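Colleague: Could you walk me through this one, feature by feature? I would like the general idea, then the case here.

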Amino acid sequence: MLDVNHVTFGYKRSVNVLEDFSLSISSGSVYGLLGKNGVGKSTLLYLMTGLLRAREGNIIYRGVDVCRRLPETLADLFLLPEEITLPNVTLKQYARMYGVFYPRFSQEELMRLSDELDIDANVRLHSFSMGQRKKAYICFAIATNVSLLLMDEPTNGLDIPSKSQFRKLLASYATDERTILISTHQVRDLESLLDHLIVMDGKKLLLNESVARITERLCFDEVRPGESIEQTLVAYPSLGGSQVVSLNTSRRETAFNLECFFNALLEHREQIMNALK
């Protein structure tokens with residue numbers, strides 16, 4: 001669906017944010033994009049939409065270089081940025097202004113989504129709080145019905161009930177024909193939604209792996225004081241004892257602990273990468 005091919009990019013010629021970066025994204029998956037601050041997650045999303053141009057390499061979406069910014073390409077992907085600036089109009093007016101650029105945009109779906117997220121589509125967006133504006137833009141993004149939906153920190157600014165509603169909306173949006181790529185630091189908000197994980201580190205791709213493969217090779221357990229787990233790779237103190245990542249030699253099924261896995265991957269890279277082979 002989308003291929004990032006040997007991309008190098010920097011805002012200054014002397015400093016690269018990405019170097020020889022390659023990545024492939026397939027249809028029908030919900031991807032989580034993780035990495036420390038400053039590794040280039042947001043930059044990568046902007047490159048994927050053609051808003052930034054790679055110094056070297058290219059990004060191909062459905063056979064077309066995104067830097068060409070062709071209408072048919074832009075009509076099939078949508079980027080929800082972390083920081084949102086919206087005109088002083090109502091959500092209904094905004095939809096009439098910009099929905100025409102997306103052939104599968106649904107006004108009916110927008111109204112349904114705004115009701116679910118408690119957004120009044122007849123109130124001017126400038127009168128909303130930051131969280132309400134984020135929810136309004138999320139409604140519009142989902143109502144575009146694009147094949148590739150890119151989201152940068154979508155749960156920032158949302159309260160706890162809104163985060164729960166957001167997860168339900170995304171779960172209903174995901175289909176075999178659609179792909180969602182979410183850049184986030186709020187791993188606990190989204191770990192139940194993800195079926196694929198991308199981790200960036202040191203200007204390059206560190207990991208591009210399915211959650212199914214990770215949980216096939218690794219177990220994630222909460223261990224009480226005094227208890228132990230065989231084949232333990234990493235253990236982190238917790239209120240109830242320890243959070244343990246271990247080799248899944250017995251093919252047990254455990255719930256994926258994204259925060260624990262991410263920390264383990266960065267701090268014990270060789271051990272975790274060898275376990276996933």
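Colleague: Which residues does Leu149 touch, not counting residues up to four places away in sequence?

Modeller: Gladly, and keep in mind that this is a predicted model. Leu149 touches Phe78, Ala141, Ile142, Leu170, Tyr173, Thr179, Ile180 and Leu181, with residues up to four places away in sequence not counted. The general idea is that in soluble globular proteins nonpolar side chains tend to be buried together. Here the largest nonpolar core has 64 residues, and Leu149 is among those with the most contacts inside it, along with Leu197, Leu218, Phe261 and Ile272. Helix 5 gives the largest share of this core, eight residues. There is also a second, separate core of 28 residues, which includes Leu33, Val39, Tyr61 and Leu79.

Colleague: Let us turn to helix packing. How do the axes of helix 3 and helix 5 cross?

Modeller: The axes of helix 3 (residues 91–98) and helix 5 come within 11 Å and cross at roughly 35 degrees, and the crossing is right-handed.

Colleague: Why is helix 9 described as largely enclosed by the rest of the structure?

Modeller: Because seven of the ten residues of helix 9 (residues 258–267) are buried. Those buried residues are Leu258, Cys260, Phe261, Phe262, Ala264, Leu265 and Leu266. Have a look at the start of helix 9 too: a side-chain oxygen of Asn257 reaches to within 3.4 Å of the backbone nitrogen of Glu259.

Colleague: Is Ser162 buried or exposed?

Modeller: For this we need the cut-off, under 20% relative accessible area for a buried residue. Ser162 has a relative accessible area of 4%, so Ser162 is buried. Ser162 lies in helix 6 (residues 160–173), and the Ser162 side chain makes a polar contact with the side chain of Lys135 at 3.2 Å. Leaving out residues up to four places away in sequence, Ser162 touches Leu117 and Lys135.

Colleague: Where is Gly10 placed?

Modeller: Gly10 sits in the loop between strand 1 (2–9) and strand 2 (18–25). With a relative accessible area of 11%, Gly10 is buried. Beyond its neighbours within four places in sequence, Gly10 is in contact with Val15, Asn16, Val17 and Arg55.

Colleague: One last topic, backbone angles. What is the phi of Glu153?

Modeller: The background is that most residues other than glycine have a negative phi. Phi of Glu153 is near 50 degrees, a positive value. Glu153 is in the loop between strand 7 (148–152) and helix 6, and Glu153 is buried, with a relative accessible area of 4%. His6 also has a positive phi, near 50 degrees, and His6 is found in strand 1.

How values were computed:
Residues numbered from 1 in each chain as written. Predicted model: local features only at pLDDT ≥ 70, side-chain atom pairs only at ≥ 80, totals over all residues. Heavy atoms only, no water. Core = buried A, V, L, I, M, F, W, Y, C linked by side-chain atoms within 4.5 Å. Buried < 20%, exposed > 50% of the residue type's maximum accessible area, 1.4 Å probe, protein only. Helix = DSSP H or I, 4+ residues; strand = E, 2+ residues; numbered from the N terminus. Contact = heavy atoms within 4.5 Å. Polar contact = N/O pair within 3.5 Å; in protein donor to acceptor, adjacent residues only side chain to side chain. Axes fitted to C-alpha atoms, helices over the stretch in contact; angles between N-to-C directions. Left-handed = near helix turned anticlockwise from the far one by under 90°.
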